[in-house]
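Let's take a walk through a protein model together. Have the sequence and the 3D view open, and we'll go piece by piece.

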Amino acid sequence: MPTDTGDRFMFQPEIERMSRDDLRRLQRRRLQWTLRHAHDNVPHYRTAFAAAGVTPDDLRDLDDLRRFPFTVKDDLRANYPFGLFAVPRDQVRRLHASSGTTGKPTVVGYTGDDLDTWAALMARSLACAGARPGDLVHNALGYGLFTGGLGFHDGAQRLGCTVTPVSGGATERQVGLLHDLRADVLVATPSYAMRIAEVAEAEGRRLRDAPLRVAPLGGEPWSDSLRDALDARLGLRSVDSYGLSEIIGPGVAMECQEVRDGAHGWEDAFLFEVIDPDGGEPLPMGEPGELVITTLAKQALPMIRYRTRDITALDDAPCACGRTHLRLKRIRGRNDDMLIIRGVNLFPSQVESFLLGVDGLAPHYQLVVRRAGSLDSLTVEVEALPDVPREAYDPLARTVQKSLKAMAGVTCRAVVLRPGEVPRSDGKAVRVRDLR
Ligand code: DLL
């Protein structure tokens, strides 16, 4: 089946350095194809476009996209499982699904061409992260319905790397393999990379002296403080990797090894907007808001103006690495993960960067939210480092309380726990326990 032109997504590094004018022309052409494809093949889009009074022919310029309706997670749920697919199910070569905390999972599908596009984008992302053909890639992301494991797997093979498909879990064995097979690249969530560092240290293995060089980490919010801690403990340079199943999986954006200041969003494959999460109005370049993504080359599951709920800002200033694709500033978290504690807005990742700055605390924490009457209360549970004596726990907790109040204006209770008491995860960490 043709996409817009038949120019397949080869792994072509020159695409990453296209002039922004050429990139916009390419985007417009691919967007016109995508709108037509979605309209002609997905009843949901036909109805939604009609309700907004637009047809695919109304898109003459990229700016016309703002006349088209948003797509939200609920549209996927309402059309579960295959209702938003734009090709017959027998043209779909692979399904993935995200678990979804409430009820039905979200099912996403890929044609053979989509899998090819994805592998090419992942190969590009891995190269951007600093991986090279011939590297040994230790892939500790979950394999299966989660897009992380297989997404990176296909991309690493496409780049010409050797992949160890370890998946998440059995951390002692992971540490042994990383060491014995002499991996160059570690792929994981940031919290699981920290778990690997922790187990390696407990076993007395010095991964810092191993060949490990780079780690594209993502799938969950993380702070620069956690990055610094991981780089030091694992002896590598980690970069931020962003993506979501509804759009393709990982491979939407990757930070470059050279600059590490925001993830390059691949604009030949996706169109990025940032909107005001309340009013839905597009915001000017540089202003933080909710990220909205439109796919430009997806066959099975085209997405028009998908509201990711992720909070970021776009930056189209030239990057010193030479890539021209814009950058997504570090994702603070999802709109719905933002805590509002007595009127103060707070993302768990903000608390993380603060906790990592306190001497004696380990990078393992959970935020517990309770409701007392009409007020929400926050308890910060954080582990002490192994060498911290028990008598120091209460003073440490008071430091956390006082500093969070001074830094973010948040009144909280802090509890310092013994090493190992905060639950660990093999994939995405649970940072918030909401008991409301
Ligand atoms: O997490 C895809 C992925 C896997 C990306 C591995 C990178 C590495 P989902 O399970 O659908 O897909 O979850 C997507 O996770 O909307 C964000 O809220 C969050 N997320 C993903 N990457 C980051 C990141 C994969 N680098 C959801 N920083 C997204 C912050 C992230 N949040």
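Let's begin where two parts of the chain come together. Domain 1 and domain 2 bury about 1,500 Å² between them, and 58% of that area is on carbon and sulfur atoms. Why quote an area at all? The size of an interface is often given as the accessible area lost when the parts come together. Keep in mind as you look around that this is a predicted model.

So which stretches of the chain are we talking about? Domain 1 covers residues 1–335, and domain 2 covers 339–434. The contact itself takes 22 residues from domain 1 and 14 residues from domain 2.

Now zoom in on what happens across that boundary. How many salt bridges does the rule find across the interface of domain 1 and domain 2? The answer is one. You can look for a salt bridge between Arg424 and Glu198, where the closest N and O atoms are 2.5 Å apart.

Next, look at the face that domain 1 turns to its partner. The elements giving two or more residues to this side are α7 (190–202), α8 (224–234) and β15 (333–334). Of these, α7 gives the most, with five residues. Sorted by class, the side of domain 1 that touches domain 2 has eight nonpolar, eight polar and six charged residues.

Time to visit the ligand. It is surrounded by 20 residues, and the closest are Asp240, Ser241, Ser245, Asp310 and Lys428. With Asp310, look at the side chain instead, where a polar atom lies 2.6 Å from an oxygen atom of the ligand. Lys428 also has a polar side-chain atom to check, and this one lies 2.7 Å from an oxygen atom of the ligand.

Let's step back to the whole structure, where a search finds 38 salt bridges. One to pick out joins the side chains of Arg205 and Asp180, at 3.9 Å from N to O. Arg205 lies in the loop between α7 and β6 (214–218), while Asp180 is in helix α6 (residues 171–181), so this pair ties together parts that are 25 residues apart in sequence.

We'll finish with a couple of backbone details. Is the peptide bond from Tyr80 to Pro81 cis or trans? This bond is cis, with omega near -5°. You'll find Pro81 in the loop between α3 (73–78) and β1 (94–98). Then there's Ser167, a residue other than glycine with a positive phi, near 70°. To spot Ser167, follow the loop between β4 (162–164) and α6.

Terms used
Residues are numbered from 1 along each chain as its sequence is written. This is a predicted model: local features need pLDDT of at least 70, side-chain atom pairs count only at pLDDT 80 or more; totals for chains, interfaces and linings use all residues. Side-chain values use heavy atoms; hydrogens and water are left out. Domain bounds come from an automatic or database domain assignment. Contact means heavy atoms within 4.5 Å. Buried area is the accessible area (1.4 Å probe) that two parts lose on being put together, summed over both. A salt bridge is a side-chain nitrogen of Lys or Arg within 4 Å of a carboxyl oxygen of Asp or Glu. Helices (H or I, at least four residues) and strands (E, at least two) are DSSP runs, numbered from the N terminus. Ala, Val, Leu, Ile, Met, Phe, Trp, Tyr, Cys and Pro count as nonpolar, Asp, Glu, Lys and Arg as charged, and the others, Gly among them, as polar. A residue is near a molecule or strand if one of its heavy atoms lies within 4 Å of it. A polar contact is a pair of N or O atoms within 3.5 Å; within protein, one must be able to donate a hydrogen and the other to accept it, and residues adjacent in sequence count only if both atoms are side-chain atoms.
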